[in-house]
Amino acid sequence: MQQKHFKVALIGQPNVGKSTVFNHLTGLNQHVGNWPGKTIEQKTGKINYKDYVIEICDLPGTYSLTSNSEEERISRDFIIKEKPEIVIVLLNATSLERSFYLLSEVLLLEVPTILGINMADIAKANGIEINYSMLEEKLKIPAVELVASKNLGLYELVEKTIEVYEKKQKSVLPFSAIKSTHKRELDELSEILNGRIPKPYPLKWFSVKLLEGDKEITELSKKWLKDKWNEAHKILERHEDAYLDIVGSRYEWISEIISLTVKNQRPQEILITDRIDRYATHPYWGMALLLVIAATIFSLTYLVAIPIVNLLSSGISLLQSFLKDTFQSYLSPFFSGLLFDGVFGGAGMVIAFFPTLVFFFFFTGILEDVGYLSRIAYIMDNFMHRIGLHGKSFLPFFLGFGCNVPAILGTRIIEEKKARMLTIVLSPFIPCTARLAVLTFLAPAFFGRYSFLVMLALIMVNLFAVFLIGKFLSKTLFKGEKSAFIMELPLYHMPDFKTISIYVYENIKSFIAKAATIIILVAGIVWVLANYPSGNIEESILASFGKTLEPLGTLMGFPDWRLSVALLTSFVAKENTVATLGILYGVSPETGLSERVSSVLSFPAALSFLIVQMLFIPCVASVAVIRQEAGWRWTFLSIILSLFVSVAAGIFTFQIIGLFYA
Amino acid sequence: MLRKLLEILKEGNALSAREISLSMGVNKEMVALLLEELEKRGLIQSSESHSSLCDKCHLNSACKKGGKRYTF
Ligand SMILES: Nc1nc2c(ncn2[C@@H]2O[C@H](COP(=O)(O)OP(=O)(O)O)[C@@H](O)[C@H]2O)c(=O)[nH]1
């Protein structure tokens with residue numbers, strides 16, 4: 001019996017399993033080369049099945065048939081010029097939307113088509129159910145379920161291919177290629193193009209693609225239309241945005257088909273999440289809830305952590321004096337001082353930080369794990385928009401709450417140089433986590449049981465500052481510019497203790513790494529400077545240096561030079577403030593840092609100190625990034641500005657609160 | 001459909017993928033696809049608001065992890 005020959009093209013998006021299908025179908029009967037004049041691989045092969053010899057060409061993986069990439073051009077040229085009898089479109093059952101877009105473009109070429117829906121196993125596992133008979137009915141083309149990796153469905157795919165070949169049916173476009181609003185332009189273009197474009201190109205497809213703004217088709221039209229091009233160009237100019245409707249209608253069709261033929265169970269979790277989010281992410285309710293949650297976290301942290309911190313501080317001090325007493329006689333006074341008062345004292349102070357941090361991480365860990373933390377950006381963004389701020393004007397500031405370094409890098413989204421520089425200079429005013437941690441630790445030392453209120457107030461002051469800065473930028477530099485912020489909000493779920501423990505562990509670990517290196521180093525240096533030359537701290541070089549700052553310190557309410565020096569050491573790393581205070585105030589088992597500091601600092605002075613700490617020069621890492629991103633001039637400006645603003649705020653706080661407090 | 005999404009974006013708010021999908025009556029995958037399309041055509045520009053430095057920050061999900069800003 002006579003063998004029948006015909007040609008088939010295999011097309012699909014990258015990773016859909018095309019090679020797997022191709023290899024199963026052709027076996028060893030394949031040839032690998034390159035597309036003529038291209039570096040892209042071309043695979044062809046033969047299927048000998050019953051009385052048929054099917055020549056199959058594996059087209060390059062592609063998402064659409066617009067002329068944006070070489071792959072897309074090769075694929076569509078093959079279908080148009082080589083005229084395969086049938087095109088097999090491989091779809092990915094787990095991302096049907098994307099696959100369908102390619103399908104819609106293939107259908108537009110009006111070639112007989114068959115669908116192979118691959119990855120059916122994964123789709124099923126994910127709860128995606130496809131109604132094949134409905135799909136075939138709606139598309140008027142056969143659809144075969146495939147699990148190519150297990151060689152399932154491929155036999156049926158070949159059978160269907162032959163069936164379609166034998167029927168020799170013309171394909172019909174199952175959707176309208178164009179919206180009625182653009183029908184006239186399309187007709188006008190077709191009229192101009194008719195008889196002027198070479199044979200293999202389908203007139204309707206060519207006209208649609210021209211109206212859609214396809215680059216290659218536009219170039220070809222210019223070439224082929226010659227003096228008629230002007231006429232076409234005028235139509236195109238008038239309907240410059242027609243593609244929004246043309247492409248948009250393809251998506252509408254996809255969405256409609258998917259909603260009719262694909263069922264994806266909505267788990268209970270989604271419903272619960274939606275219900276919670278109605279309030280939790282509401283621009284005003286959400287903001288209120290956020291404040292309540294923040295207040296709860298701080299008060300809980302303090303409630304549990306403070307007794308432990310006190311215990312730990314005395315424990316560390318006891319150990320410190322014990323070690324000092326035991327080993328003093330074996331070491332030189334300088335060395336034992338450096339080791340026990342300097343390094344141990346400084347690091348011990350920071351270690352006393354621990355419980356506060358552990359509980360803080362624990363509570364934020366819960367929020368993170370249940371899915372609330374990722375909503376904060378959303379709530380804030382929404383709130384800021386409601387009160388008229390431009391998104392770009394506060395994005396870097398949000399990042400700044402984590403760390404100023406990414407905030408400064410985050411300003412890269414701002415194209416305009418002046419706006420960007422301004423944002424960079426303002427970013428360090430946002431208290432990063434390290435500063436917040438220092439505050440979290442110092443606040444109870446200064447304010448006892450009111451500390452959480454103070455913390456909250458300070459954070460509110462900062463948010464207000466973000467608001468003011470944002471308002472200023474929105475009114476000036478970003479005026480008239482628009483932006484939208486889209487994010488994926490995770491589903492809420494019950495907290496998992498193990499995940500939270502890992503979260504706490506990871507964070508504590510990185511804190512220890514910092515404490516073990518940079519903080520101890522600075523503590524050592526501070527101790528040496530505070531004991532050189534005579535061992536009497538008041539006569540040390542650090543004191544004489546600190547005393548030059550005293551006039552300014554007095555204005556801010558600082559009773560002595562130690563506080564100014566503690567602030568200065570925060571330049572290296574913010575946590576150093578705590579370590580330095582510990583060294584300079586010589587904490588002992590009987591009197592912890594809280595007692596020592598609160599005995600020298602009045603309420604207005606303590607508040608002023610915290611505010612200065614919060615607004616002070618950013619740490620070295622941030623300064624380095626500012627220099628990298630903005631150059632020396634801006635770095636210098638940033639340092640001067642932070643210095644000025646922090647000192648001014650300190651003076652203002654002390655003087656004003658002092659009036660009421662006296 | 002693309003026009004509708006553009007209109008929604010131009011309101012300039014913070015949006016969750018689910019909100020958009022609800023107001024457009026399509027699923028989230030579709031929304032992602034439409035956003036890609038608008039971006040490919042140069043109608044919107046997106047910027048990932050997350051830097052690799054943020055990976056170390058314990059509050060990173062409170063920031064902008066998973067968020068994209070679109071400007072026109
Ligand atoms: N689970 C599953 N995996 C598949 C299926 N078909 C292909 N794969 C796998 O998907 C990956 C990509 O397949 P490949 O044929 O290289 O994709 P191509 O880029 O379209 O050529 C490979 O690891 C295949 O083993 C399928 O139906 N189910």
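This is a predicted model: local features need pLDDT of at least 70, side-chain atom pairs count only at pLDDT 80 or more; totals for chains, interfaces and linings use all residues.

A residue is called buried when its relative accessible area is under 20%, exposed when it is over 50%, and partly exposed in between.

The aromatic side chains can be taken next. Over all chains, the structure holds 19 aromatic pairs. One of them joins A:Tyr201 and A:Phe206, with 5.6 Å from centre to centre and 80° between the planes, an edge-to-face arrangement. Buried is the class of both A:Tyr201 and A:Phe206. A:Phe362 and A:Phe363 also pair: their ring centres are 5.5 Å apart and their planes stand at 65°, so this pair is edge-to-face as well. The cut-off behind that label is an angle of over 60 degrees between the planes. Elsewhere in chain A, one aromatic cluster is formed by A:Phe446, A:Phe447, A:Phe558, A:Phe603 and A:Phe609.

How many cavities of 30 Å³ or more does the count give? The count comes to one cavity of that size. The volume of the largest cavity is about 40 Å³. Its lining is made up of A:Val8, A:Leu25, A:Ile47, A:Ile54, A:Ile88, A:Leu157, A:Val158 and A:Thr161. Sorted by class, seven of the lining residues are nonpolar and one is polar, while no charged residue takes part. Which element gives the most to this lining? Helix α6 of chain A, residues 154-167, does, with three residues.

Chain B remains to be described. Three helices and three strands are found in chain B, and from the N terminus on they follow the order α-β-α-α-β-β. The chain has 72 residues, of which 57% are buried. Contacts within chain B can be sorted by the distance in sequence that they span: among those between residues at least 6 apart, 49% join residues at least 24 apart. The accessible surface of chain B comes to about 3100 Å². Carbon and sulfur atoms account for 51% of that surface.

Methods: Residues are numbered from 1 along each chain as its sequence is written. Chains are lettered from A and ligands numbered from 1 in the order in which they are written. Side-chain values use heavy atoms; hydrogens and water are left out. On a 1 Å grid over the protein atoms alone, a cavity is a set of points where a 1.4 Å probe fits but cannot get out, and a pocket is an open set with protein on both sides within 12 Å along at least five of seven lines; lining residues have an atom within 4 Å of a point. Grid points are joined across faces, edges and corners, and a volume is the space filled by probe spheres set on the points. Helices (H or I, at least four residues) and strands (E, at least two) are DSSP runs, numbered from the N terminus. Ala, Val, Leu, Ile, Met, Phe, Trp, Tyr, Cys and Pro count as nonpolar, Asp, Glu, Lys and Arg as charged, and the others, Gly among them, as polar. Buried means under 20% relative accessible area, exposed over 50%, partly exposed in between (1.4 Å probe, protein chains only). Contact means heavy atoms within 4.5 Å. Accessible areas come from the Shrake-Rupley method with a 1.4 Å probe; for residues, only the protein chains shown count as cover. Rings of Phe, Tyr and Trp (its six-membered ring) pair if their centres lie within 6.5 Å; planes under 30 degrees apart count as stacked, over 60 as edge-to-face and the rest as tilted.
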